[in-house]
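Here is a short briefing to read beside the structure. Please keep the viewer open as you go through the points.

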Amino acid sequence: QVQFVESGGDLVQPGGSLRLSCAASGMSVADTNMAWYRQVPGKDRDWVAALTSRGLTSYTNSVKGRFAFTRDNGKNTVELQISNAKPEDSGVYYCNQWPHMATWGRGTQVTVSS
């Protein structure tokens, strides 16, 4: 079955950089639309970025120009590179496929703080 394992989250200072990874199994990221989501305690899980199977990307306005969504078909992983991190980027990041989402992974915690 489809499974996603997020990793790479860490504590980072404002302005710093971080690279998140999502290892997929049971599906091919090369053939599937993928997305990153973020959840903050007490709030809904929000969409952050999308990557289509054709390689097109889109981002929520707050991260445009700072986040980059890529994939490594050989490793069957997708990555989210965070640059110029801001405190509002903090949260638990999850990856998933779309439009037919699979079971959520555990996510990876990103904390942007001085």
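Predicted model: local features only at pLDDT ≥ 70, side-chain atom pairs only at ≥ 80, totals over all residues.

Residues are numbered from 1 along each chain as its sequence is written, and side-chain values use heavy atoms, with hydrogens and water left out.

**Nonpolar core**

- Y93 also belongs to the largest nonpolar core, which holds 26 residues; W36, F69, L80 and Y93 are the members that touch the most others.
- A nonpolar core here is a set of buried Ala, Val, Leu, Ile, Met, Phe, Trp, Tyr and Cys residues joined through side-chain atoms within 4.5 Å. Buried means under 20% relative accessible area, exposed means over 50%, and partly exposed is in between (1.4 Å probe, protein chains only).
- At least two residues of this core come from each of β3 (18-25), β4, β5, β7, β8 (77-82), β9 and β10. Strands (E, at least two residues) and helices (H or I, at least four residues) are DSSP runs numbered from the N terminus.
- β3 supplies the largest share of this core, with 4 residues.

**Sheet**

- An open sheet of 6 strands runs in the order β2-β10-β9-β4-β5-β6, with mixed pairing; two strands pair if DSSP finds at least two bridges between them.
- β2 (11-12) and β6 stand at the edges with a single partner strand each, so one side of each has no neighbour in the sheet.
- Within the sheet, β4 (residues 33-39) pairs with β5 (residues 45-51) in the antiparallel sense over 6 bridges.
- R38 has D46 in β5 as its bridge partner.

**Disulfide**

- Searching the whole structure gives 1 disulfide, defined as a pair of cysteine sulfur atoms within 2.5 Å.
- That link joins C22 and C95, whose sulfur atoms are 1.8 Å apart.
- The two cysteines come from distant parts of the chain, with C22 in strand β3 and C95 in strand β9, 73 residues apart.
- The link of C22 and C95 is right-handed, with 65° about the S-S bond, and both cysteines are buried.

**Salt bridges**

- Side chains of opposite charge can pair when their charged atoms come close.
- The count comes to 2 salt bridges, taking a salt bridge as a side-chain nitrogen of Lys or Arg within 4 Å of a carboxyl oxygen of Asp or Glu.
- One of them is formed by the side chains of R19 and E79, at 3.9 Å from N to O. R19 lies in strand β3 and E79 in strand β8, so this pair ties together parts that are 60 residues apart in sequence.
- R19 is partly exposed at 41% relative accessible area, whereas E79 is buried at 9%.
- The side chains of D89 and R66 also meet in a salt bridge, at 2.7 Å from N to O. D89 sits in the loop between β8 and β9 and R66 in the loop between β6 and β7, 23 residues apart.

**Around R66**

- The loop that holds R66 runs between β6 (57-59) and β7 (67-72).
- R66 counts as buried because its relative accessibility is 9%, and D89 is buried too.
- The side chain of R66 reaches the backbone oxygen of S62 at 2.9 Å.
- Leaving aside neighbours within four places in sequence, R66 is in contact with Q81, I82, S83, N84, A85, K86 and D89.

- N76 is in the loop between β7 and β8 and is buried, with a relative accessible area of 16%.
- A polar atom of the N76 side chain lies 2.9 Å from the backbone oxygen of A24.
- G105 is in the loop between β9 (91-98) and β10 (108-112) and counts as buried at 17% relative accessibility.
- G105 and V5 are 100 residues apart in sequence, yet 5.7 Å apart in space, C-alpha to C-alpha.
- Leaving aside neighbours within four places in sequence, G105 is in contact with F4, E6 and Y94.

Conventions:
Polar contact = N/O pair within 3.5 Å; in protein donor to acceptor, adjacent residues only side chain to side chain. Contact = heavy atoms within 4.5 Å.
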